[in-house]
Amino acid sequence: MGKRRGLEVSVGAAEAVAMADVDVIAAYPITPQTHIVEHLAELVNNGELDAEFVPVESEHSALSVCIGASAAGARTFTCTSAQGLALMNEIVYIASSMRLPIVMILANRSLSAPLSIWNDHSDAMSVRDTGWIQVFAQNGQEVFDHIFFAYRVGEDPKVSLPVMIHVDGFIVTHVIEPVEFWEKEQVERYLPPFKPISRLDPERPVTMGAFAMPQLFTETKVAQDMATTQSMEVILSAWEEIYKITSRRYRPVEAYRTEGAETIFVVQGSFGETLSVAVDELRAKGEPVGLVMPRLWRPFPFELFRSAVKGAKNLIVIDRAISFGGQGGPLAIELRSSLFGLPAPPRVINFICGLASRDVTVEDFKNIYERAVDGSKAPVFQEDFQFYGVRS
Amino acid sequence: MKGTKELLTWKEIIPGNVILNPGNAREYRTGDWRSQRPVWDFERCIMCGMCYAFCPDAAIFEREDGYYEADYYYCKGCGICAEECPKKAISMVEE
Ligand code: SF4
Ligand code: SF4
């Protein structure tokens, strides 16, 4: 294994992108994504990274540049947050429909208005159905490892899809953490050169991104959906290979102390680390609680999720985004639907909190637990969902 | 690759709908959107080719005998050819 270095997670992420031998980077600066892109610009400017850095005038152009470059066979990277992603939205769909394995870090941030530069998952949830493979990374090491993972999975000819890595803005991007680097040879072995299925080549002209009549549209979308669902196999083997190299085990659904748990918390992103402390403290008091974290968001690992929560009576699902007028947060809605029809499914108790980086501490998670489940371990909570920590 | 006329299944589509055969848009029957069709009166036609030049869909072709006519497989019935014809040799007829 390579050296352990203490650095800002954003810098570590940029170093991983450089080690992945990226060819084209196009991005527009937006908080809290900025340090990732700035560091990449620096590496290119200093001659340390032989790549094209395209300083575009908007996020819409950033992803458009990546699409053109990826279509020509280049390994591409972009990175954005919230409003930048919203401006990019049209192209986000096109990237996946054109089956171009672009890699994006989304430094998760709340969508305006009111204007907020802070962290939640409203931007992540806004692109749920865009057809990108999506994973949540909880800390610097996970971000670093998942850069290589993202290219390996996305570029696999069986997959050929873009991959988005969700990283909590500030809470993860701006902290300084120890990150274990990979050796250059390890990256090279893990990540073979990008060989696109089709590419723009003047010698062998093809048309990409053209119009399709209704007779072809549905077939195209079915092919895309099948590729997304079937990417699971490639995803699992890419994580298995990371385990062999680093001894770090990544799973589509991470579980922590779920043995015998009657109540299981379900969260995504950096909440997981804080919650694991709350789970330890509750367990120490004899409370049968556990924690489950769906790392893989698309394709969603339905079967693995169901088996991870098997036997639990209550699921406390904590969302960091709102589905206005909906039945709770997007994560809870997804999980409820995945449990529907099971014999004796666990009850889904949904809280929405931590919007715009509002602190949710170990104490808060313990309060949430108390509010959701009373002493007899029966849920005391009747609504579909509640906002936690709101002044009334 | 099959043409679109033979209608590909989802398994046969090249990922990303990449088109390998140039000019296959030809195989799309786009003329069925038409609500009226241009009809030529060759008695009046002077073979100037204005209709051919103005058709926004390149649906008009020159026949062997030098007259022009629309290929109804593609003609959308917009009426531009009839409007531009200096001899009023084209009339639009309801489909
Ligand atoms: S009606 Fe329009 S589309 Fe049809 S031949 Fe005339 S100009 Fe072309
Ligand atoms: S524009 Fe009129 S006169 Fe000229 S070729 Fe066409 S039909 Fe004939």
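A crossing of two helices is called right-handed if the near helix is turned clockwise from the far one by less than a right angle. The views below are taken from a predicted model.

**View 1. Packing of helices H3(A) and H4(A) in chain A.** Helix H3 of chain A spans residues 59–71, and helix H4 of chain A spans residues 82–97. Their axes lie 7 Å apart and meet at an angle of about 25 degrees. Because angles under 35 degrees count as roughly parallel, H3(A) and H4(A) are described as roughly parallel to each other. The crossing of H3(A) and H4(A) is right-handed.

**View 2. Residues in contact between H3(A) and H4(A).** From H3(A), the contact involves Glu59(A), His60(A), Ala62(A), Leu63(A), Ser64(A) and Ile67(A). These meet Gly84(A), Leu87(A), Met88(A), Glu90(A), Ile91(A), Val92(A), Ile94(A) and Ala95(A) of H4(A). By class, nine residues of this contact are nonpolar, three are polar and two are charged.

**View 3. Surroundings of ligand 1 in chain B.** The shell around ligand 1 includes the cysteines Cys55(B), Cys75(B), Cys78(B) and Cys81(B). Pro38(B), Pro56(B), Ile60(B), Ala70(B), Lys76(B), Gly77(B) and Gly79(B) also surround the ligand. Eight residues of the shell are nonpolar, two are polar and one is charged.

**View 4. Interface between chain B and chain A.** Chain B contributes 15 residues to the contact, and chain A contributes 20 residues. About 1,600 Å² is buried between the two chains, with 72% of this area given by carbon and sulfur atoms. Of the area that chain B buries against chain A, Trp10(B), Ile19(B) and Tyr28(B) supply 36%, more than any other three residues.

How values were computed: Residues numbered from 1 in each chain as written. Chains lettered and ligands numbered in written order. Predicted model: local features only at pLDDT ≥ 70, side-chain atom pairs only at ≥ 80, totals over all residues. Heavy atoms only, no water. Axes fitted to C-alpha atoms, helices over the stretch in contact; angles between N-to-C directions. Helix = DSSP H or I, 4+ residues; strand = E, 2+ residues; numbered from the N terminus. Parallel < 35°, antiparallel > 145°, perpendicular 65-115°, else oblique. Contact = heavy atoms within 4.5 Å. Nonpolar A, V, L, I, M, F, W, Y, C, P; charged D, E, K, R; others polar. Near = heavy atom within 4 Å. Buried area = accessible area lost by both parts, 1.4 Å probe.
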